[in-house]
Amino acid sequence: MAKTYQLKMNLNGQDVQVEVQPFATLAHVLREQLGLTGTKIGCEEGECGACTVLIDGQAVNSCIYPALKAAGRRVLTIEGLAKNGELHPVQRAFLEHGAVQCGYCTPGMVLAAVALLGQNPHPTEEEIRRAISGNLCRCTGYIQIIEAIKDVASRA
Ligand code: FES
Ligand code: FES
């Protein structure tokens, strides 16, 4: 059995500590050890964006992110986005614009949008397209997703 390490991080606003295998990915630790299954696994190769989480406000593919690299950082998953039972404005806009169908890409897509708007509250359509270019959606065709993000930006 490989030696394990204590990983301490701030997860969705709470300090947590979890014992992890040296080569565990963050996606694995979040889903399998911490029970946060809102982070989806698609390709497991850093190509589809389903596993996107925010680390210190930056979108990363957690399926290829070593869990131990998250030590001491702020990790935000889809479970941490709603506050006091209120959806985040990006989540609300996705619902209002019909940007959610099967929902598999949605957590990653929403977090990619949150990262973008955190860095650039008034992105152009081109910037929105670029920000979500690493997130694949097989259902909505992207138009509704882009409209939802534009809507949030227009209200900021
Ligand atoms: S599951 Fe991580 S990018 Fe596809
Ligand atoms: S809503 Fe189904 S993959 Fe995007």
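This briefing describes selected local features of the structure above. The model is predicted. Helix α2 comprises residues 89-96, and its buried residues are Val90, Gln91, Ala93 and Phe94. The count of disulfides comes to 0.

- Four residues of α2 are named as buried, namely Val90, Gln91, Ala93 and Phe94. They lie on the same side of α2, because the arc they cover around the axis is only 165 degrees.
- After α2 comes Gly98, which has a positive phi, near 65 degrees.

**Nonpolar surface patch**

- Leu87, Leu95 and Val100 make a nonpolar surface patch of about 240 Å².
- One of these residues, Leu95, belongs to helix α2. Leu95 counts as exposed because its relative accessibility is 55%, and the threshold for that class is over 50%.

**Loop positions**

- Thr39 is placed in the loop that runs between α1 (26-33) and β3 (52-55). With a relative accessibility of 1%, Thr39 counts as buried, since that class takes values under 20%.
- Leaving aside residues up to four places away in sequence, Thr39 touches Leu30, Arg31, Ala50, Cys51, Val53, Ser62, Thr77, Ile78 and Glu79.
- Gly13 is found in the loop between β1 (5-11) and β2 (14-20). Gly13 has a relative accessibility of 60% and therefore counts as exposed.
- Gly13 and Leu34 are 21 residues apart along the chain, and 14 Å separates their C-alpha atoms.

**Cysteines**

- A disulfide is a covalent bond between the sulfur atoms of two cysteines. With a pair of cysteine sulfur atoms required to be within 2.5 Å, the count for this model is 0 disulfides.
- Cys43 has a relative accessibility of 27% and so counts as partly exposed, a class that lies between the buried and exposed limits.
- Cys63 counts as buried because its relative accessibility is 8%.
- Cys51 is among the residues that Thr39 touches.

Methods. Residues are numbered from 1 along each chain as its sequence is written. Chains are lettered from A and ligands numbered from 1 in the order in which they are written. This is a predicted model: local features need pLDDT of at least 70, side-chain atom pairs count only at pLDDT 80 or more; totals for chains, interfaces and linings use all residues. Side-chain values use heavy atoms; hydrogens and water are left out. Patches are made of residues with over 30% relative accessible area and no salt bridge: like charges are joined within 9 Å, nonpolar side chains (Val, Leu, Ile, Met, Phe, Trp, Tyr) within 5 Å. Accessible areas come from the Shrake-Rupley method with a 1.4 Å probe; for residues, only the protein chains shown count as cover. A salt bridge is a side-chain nitrogen of Lys or Arg within 4 Å of a carboxyl oxygen of Asp or Glu. Helices (H or I, at least four residues) and strands (E, at least two) are DSSP runs, numbered from the N terminus. Buried means under 20% relative accessible area, exposed over 50%, partly exposed in between (1.4 Å probe, protein chains only). The arc is that of the directions from the helix axis to the C-beta atoms. Contact means heavy atoms within 4.5 Å.
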